[in-house]
Amino acid sequence: MYVSNDVDKYLNYYMKSICFLDKLQISAIKRLAEYKGQGDEYISCSFDPDDEDYREGYVTLYFWKPAVEQDIMVFVDNRKFYDCLMRTSKEFIQKEPEVKDELEGYLHLVRMELNI
């Protein structure tokens, strides 16, 4: 698996992957909070210390073919990952304010797990 330094490109790609038809999938944020990671068949992330590729202070993003041309792993600073997740979430809350409390609860748990 190739390790890429193109953090912004792949972080944005990951954030798009947790949205469906421009709608943030709250279940994805819930899985992040509960399992220290989230993913589907070709795109996932983890910040679980028990994972093989874990690096303290980083979220690991994984991309496999056919989502990308070659299998890629990216290490994103915890703060950068969380800030991007918050921006994505806030944009969604503006469109659907009724999910604010639920989503903010999950985001709080993610923030605690990332030690931010």
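This is a predicted model: local features need pLDDT of at least 70, side-chain atom pairs count only at pLDDT 80 or more; totals for chains, interfaces and linings use all residues.
**Stop 1: the largest pocket**

About 290 Å³ of space lies in it. Select the lining, which has 13 residues. Met15, Cys19, Asp22, Thr88 and Glu91 lie nearest the centre of the pocket.

Now colour by secondary structure. Helix 1 (7-17), strand 3 (23-24) and helix 3 (78-95) each supply at least two residues of the lining. Which element gives the most to it? Select helix 3: it contributes 6 residues. Switch to colouring by residue class. The lining splits into 6 charged, 5 nonpolar and 2 polar residues.

**Stop 2: the cysteines**

Stay at the pocket and pick Cys19, one of the residues nearest its centre. Cys19 is partly exposed, at 24% relative accessibility. Draw a distance from its sulfur to the sulfur of Cys84. That cysteine sulfur is the closest to Cys19, and the gap is 9.9 Å. A disulfide needs the two sulfur atoms within 2.5 Å, so Cys19 and Cys84 are too far apart for a bond.

Next, select Cys45. Is Cys45 buried or exposed? At 5% relative accessibility, Cys45 is buried. Its closest cysteine sulfur is in Cys84, 11 Å away, which is again too far for a bond. How many disulfides does the structure hold? The count is 0.

**Stop 3: salt bridges**

A search of the whole structure finds 4 salt bridges.

Select Lys80 and Asp8. They form a salt bridge, with the closest N and O atoms 2.8 Å apart. Lys80 sits in helix 3 and Asp8 in helix 1, so this pair ties together parts 72 residues apart in sequence. Lys80 is partly exposed, at 35% relative accessibility. Asp8 is partly exposed too, with a relative accessible area of 45%.

Move to Glu113 and Lys36. Their closest N and O atoms are 3.6 Å apart, in a salt bridge. This pair also links distant parts of the chain, 77 residues apart. Glu113 belongs to helix 4 (residues 100-113), while Lys36 lies in the loop between helix 2 (26-35) and strand 4 (37-39). Check the exposure of both ends. Glu113 is partly exposed at 35% relative accessibility, and Lys36 is partly exposed at 25%.

Arg79 is partly exposed, with a relative accessible area of 39%. For Asp83, also partly exposed, the value is 31%.

**Stop 4: strand 7**

Select strand 7 (residues 72-77) and show the surface around it. Of its 6 residues, 5 are buried, so strand 7 is largely enclosed by the rest of the structure.

Strand 1 (residues 2-4) pairs with strand 7 in the parallel sense, over 3 bridges.

Then bring up strand 6 (residues 58-63). In which sense does strand 6 pair with strand 7, parallel or antiparallel? The pairing is antiparallel, over 6 bridges. Pick Phe63 to finish. Opposite Phe63 stands Ile72 in strand 7.

Key. Residues are numbered from 1 along each chain as its sequence is written. Side-chain values use heavy atoms; hydrogens and water are left out. Buried means under 20% relative accessible area, exposed over 50%, partly exposed in between (1.4 Å probe, protein chains only). On a 1 Å grid over the protein atoms alone, a cavity is a set of points where a 1.4 Å probe fits but cannot get out, and a pocket is an open set with protein on both sides within 12 Å along at least five of seven lines; lining residues have an atom within 4 Å of a point. Grid points are joined across faces, edges and corners, and a volume is the space filled by probe spheres set on the points. Helices (H or I, at least four residues) and strands (E, at least two) are DSSP runs, numbered from the N terminus. Ala, Val, Leu, Ile, Met, Phe, Trp, Tyr, Cys and Pro count as nonpolar, Asp, Glu, Lys and Arg as charged, and the others, Gly among them, as polar. A salt bridge is a side-chain nitrogen of Lys or Arg within 4 Å of a carboxyl oxygen of Asp or Glu. Two strands pair if DSSP finds at least two bridges between them.
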